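Please read the following briefing alongside the sequence and the model.

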Amino acid sequence: MNKLPPISIIPDTEFRFPGYKSVPVKTALGSFHPGPGVLSFNCKSMRQQLNVQRMMQLYYTGKSPLLTQPGMTSEDIMQQTGVGHELRHFHDWLLSFSYFDAARRRLNLGSNTLLALRELSERQDAYIPLPLLDWITADRTTREAKTAELCDFYNVQSFQLYELPHFTMDRLEDPSSEADYLSELLLISSRAAVAVKALLYGYPQYLRPFDVFELSAVATQLLTIIDRFGVHTAHDIYQTSFASTYYDRVINPIDELLDMDSADGIKGTDVLLLASAMCLWAICAEPKAHPMSPQACPAVRFSTLRSKLLDAKQELKRKCHDIEGLIRYFDRLMGEPALSERIELGTQHFKEEALKTEEGIARYPSRHPYQMTLRYYKKLISLREQLHSKVFEDIYFHVRGAYESDRAYGLTLPAVVINTTNLSAEELATDLGQLLGSETMFRFSDDMNDLKDEINVVHEADRLASKIWFDQDLSLSEAGRNSIMDGIEKLSGGQSISFTWGATS
């Protein structure tokens, strides 16, 4: 039986939120970066910024007097609960086995990319081809063809590109090292980049792992809207802002489990609670499976669980009213250790990985990127333990999304980047301090402030690595994008050029 779910959780189907105004919202406010685990919010109006600030006030102090007031629009509600949506990604990322392993690899990719760029500056003055992962794994014939396309696109005779090694997939799987320092850095980084792609995007015949994480965040966001603003408001927002979008399509995989046309089908909030519970079960694999194996992939696990449940729909319906019992049922059905035990085993695995890294980098000074990255990674492990302890005080509230709304106070918040460079001159005239007109990182807890320098290093390293290896730009503003390109040039001594036909730095 669930532990004292509050009476307010039972939806009042007659409630109408006072003065509510329906405004379709099709643009996401926030994003989550699964390398350093940073939340980002792109505020294009002062109203958006205030909604983000009020949610942060709730998380930081436990109170936010202006958070809810009559006359709120669906846009206000989507922005506020969108902050919780991104925080859910952070919490799922901490608890997940494969995604947390991807974080470790991505953090290492960032620090090795910094070192590789510095080493390039000692060698040549040329262009770095982007995305570097595609170039590193391309053979000579492919490189020559791509270079010819590039010359034709820019109408030039030739481009001086960095002379970089070629690694086949067999070489990446071979654990041996390279004699040359730069080649070894690039080999280690290539392995990490391939692993990160596999962990984040999974196997083509299944859902993408990211779809499972998105379903978790969408389900808990809709539950929060129901709990805070009522069923009617949630239904309107679903119809005007979710229906027929990607965020709606991620719910599709559970449709066959519901039998919604049946009198005894799974309906209402039980649909969202089921989705949230299935996602939590799927992301938390036990560490006996290698993080990159199908057995640990959240998408594969979700699909396998779904298949089993399709053969047991009547029993599933009976279990949906008891969340703790439902998750125990998943464990028994799939023949796995209890969910909490799997998370604890995963934490022990990550601690062992951190210890091996610590022993391997002992010779480096405290301010070296390796040491700074390790300190941040160890802090993430402690946050994983903290969240694990909190979630299992009452797992119902976690599945409901309460730790991304009214119960978030007391949990450590990740670093948050807020971009206000798009605000108008009139809005910038208000007296709200350094936030205005900038892309600024905030740290709302002692845990994050104690590692200010480390967070800055891993965040900037991740932005550079994302651009270098995947040609992905994580910046929210033009100034931020320019700073990435400037950083590449400053560190490497050369410029970069995109083979996806982007701009040169």
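In which helix is the place of Arg104? Arg104 belongs to helix H3, which spans residues 98–121; helices (H or I, at least four residues) and strands (E, at least two) are DSSP runs numbered from the N terminus. This is a predicted model, in which local features need pLDDT of at least 70 and side-chain atom pairs count only at pLDDT 80 or more, while totals for chains, interfaces and linings use all residues. Residues are numbered from 1 along each chain as its sequence is written, and side-chain values use heavy atoms, with hydrogens and water left out.

**Surroundings of Arg104**

- Arg104 has a relative accessibility of 15% and therefore counts as buried, where buried means under 20% relative accessible area, exposed over 50% and partly exposed in between, with a 1.4 Å probe and protein chains only.
- When residues up to four places away in sequence are not counted, Arg104 touches Glu353 and Tyr377, contact being defined as heavy atoms within 4.5 Å.
- Between the C-alpha atoms of Arg104 and Gln57, which are 47 residues apart along the chain, the separation is 30 Å.

**Helix packing**

- The axes of H3 and helix H7 (residues 181–201) come within 8 Å and cross at roughly 150°; axes are lines fitted to C-alpha atoms, for helices over the stretch in contact, and angles run from 0 to 180 degrees between N-to-C directions.
- H3 and H7 are therefore roughly antiparallel to each other, given that angles under 35 degrees count as roughly parallel, over 145 as roughly antiparallel, 65 to 115 as roughly perpendicular and the rest as oblique.
- The crossing of H3 and H7 is left-handed, a term for the near helix being turned anticlockwise from the far one by less than a right angle, with right-handed used if it is turned clockwise.
- By class, the contact of H3 with H7 has 17 nonpolar, four polar and four charged residues; Ala, Val, Leu, Ile, Met, Phe, Trp, Tyr, Cys and Pro count as nonpolar, Asp, Glu, Lys and Arg as charged, and the others, Gly among them, as polar.
- For helix H1 (residues 46–61) and helix H2 (residues 74–95), the axes come within 9 Å and cross at roughly 50°, and the two helices are therefore oblique to each other, with a right-handed crossing.

**Aromatic rings**

- The structure holds 21 aromatic pairs, counted for rings of Phe, Tyr and Trp (its six-membered ring) whose centres lie within 6.5 Å, with planes under 30 degrees apart taken as stacked, over 60 as edge-to-face and the rest as tilted.
- The ring centres of Phe32 and Phe90 are 6.5 Å apart and their planes stand at 65°, so the pair is edge-to-face.
- This pair links distant parts of the chain, with Phe32 in strand S1 (residues 30–33) and Phe90 in helix H2, 58 residues apart; both Phe32 and Phe90 are buried.
- One aromatic cluster is formed by Phe32, Phe90, Trp93, Phe97, Phe100, Phe350 and Tyr377.

**Backbone geometry**

- Leu130 and Pro131 are joined by a cis peptide bond with omega of about -5°, and Pro131 is in the loop between strand S3 (127–130) and helix H4 (132–136).
- Asn155 has a positive phi, near 55°, and is exposed, with a relative accessible area of 72%.
- Asp471, in the loop between helix H20 (452–470) and helix H21 (478–492), has a positive phi of about 55° although it is not a glycine, and at 16% relative accessibility Asp471 counts as buried.
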